[in-house]
Amino acid sequence: MELVTPFLDHEFMLRALAAGLLTVVTTTLVGTWVVLRGLSFLGDALAHGVLPGIAIAVVVGGSVTVGAAVSGTIMVAGIDLVRRRTRLSGDTGIGLLFVGMLALGVAIISRGGSYATDLSGILFGDAIAVDRTDIVVTLVAAVVVVVATVVGYRAFLALTFSEDRTAALGLRPGLVHLAMLALVGLAVVTSFRTVGTLLVFALLVAPPATASLVSRRVPVMMATGTGVGMVAVVSGLLASYHWGVAASPAIAVISVGLFFVVLSVREVVGAARRSAATA
């Protein structure tokens with residue numbers, strides 16, 4: 001309790017905790033579909049694809065959330081255009097837009113007077129600096145994602161197996177895929193304030209991936225992944241408060257570290273069981 005009590009005495013830490021926990025709900029629910037569908041590269045690309053919109057908003061003094069949303073929408077549309085209108089693979093379109101949007105964002109930011117500060121804040125976030133508006137935005141995003149997950153569960157689950165199976169159920173695979181991309185974009189747009197565009201990918205993939213090591217059923221994966229992500233948020237904020245490390249990178253490192261801890265434990269347990277079975 002001595003580690004936790006001083007932490008709870010500061011309003012800015014409580015705001016960071018609230019934003020972080022809400023962010024985990026959003027990223028884990030969406031990230032579960034990303035992991036099951038094999039869209040990790042796409043998730044990483046979208047996390048960088050919002051950079052130009054944020055950069056323009058910073059330079060002109062507009063809303064960074066609106067800028068990120070517009071930029072993310074453009075990237076999703078571009079990826080879909082390349083996939084439908086060319087013979088190139090989906091990964092090629094994602095790679096092209098990934099590099100192009102990232103470079104464009106950095107170029108725009110470089111025109112401003114505080115290049116290093118602005119770029120650092122956008123890429124790595126600042127969980128300690130979130131305000132009440134950020135918390136409201138993350139809360140709305142969490143509610144939207146929960147509702148979308150419940151309503152679209154059957155369609156999203158079918159799409160994780162194959163597009164043919166989705167079509168056989170009377171659903172439109174392309175539309176379901178776009179809906180999934182929209183949720184990924186929403187998770188990225190509403191989470192970059194807390195963990196940054198570069199590190200949001202850690203919360204989008206690491207908790208669901210960790211959960212997949214110990215569970216097979218999707219609802220259990222979502223619940224387990226959310227728990228893992230929340231442990232990472234609390235631990236990262238405590239590390240930031242007591243040891244002076246940056247909060248957002250600490251959260252990302254811990255979330256990835258938990259994956260390898262669980263993987264190691266699973267391997268040790270598996271080896272022990274195999275040894276016992278052959279004894």
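Analyst: Rings of Phe, Tyr and Trp (its six-membered ring) pair if their centres lie within 6.5 Å; planes under 30 degrees apart count as stacked, over 60 as edge-to-face and the rest as tilted. This is a predicted model, in which local features need pLDDT of at least 70 and side-chain atom pairs pLDDT 80 or more, while totals for chains, interfaces and linings use all residues. Residues are numbered from 1 along each chain as its sequence is written, and side-chain values use heavy atoms, without hydrogens and water.

User: Which residues form one aromatic cluster, and how many aromatic pairs does the structure hold?

Analyst: A pair of aromatic rings is described by the distance of the centres and the angle of the planes. The structure holds 3 aromatic pairs. One of them joins phenylalanine 259 and phenylalanine 260 edge-to-face, at 5.1 Å centre to centre and 90° between the planes. Trp33, Tyr153 and Phe156 form one aromatic cluster.

User: Is phenylalanine 260 buried or partly exposed?

Analyst: Buried means under 20% relative accessible area, exposed over 50%, and partly exposed in between (1.4 Å probe, protein chains only). Phenylalanine 260 has 48% relative accessibility, so it counts as partly exposed.

User: Why is helix α3 described as largely enclosed by the rest of the structure?

Analyst: Helices (H or I, at least four residues) are DSSP runs, numbered from the N terminus. In α3 (residues 40-49), 8 of the 10 residues are buried, so the helix is largely enclosed. Among the buried residues are Leu42, Asp44 and His48.

User: Where is proline 249?

Analyst: Proline 249 is in helix α13 (residues 247-278). Its C-alpha atom is 9.7 Å from that of alanine 127, 122 residues apart along the chain.

Definitions and conventions
Helices (H or I, at least four residues) and strands (E, at least two) are DSSP runs, numbered from the N terminus.
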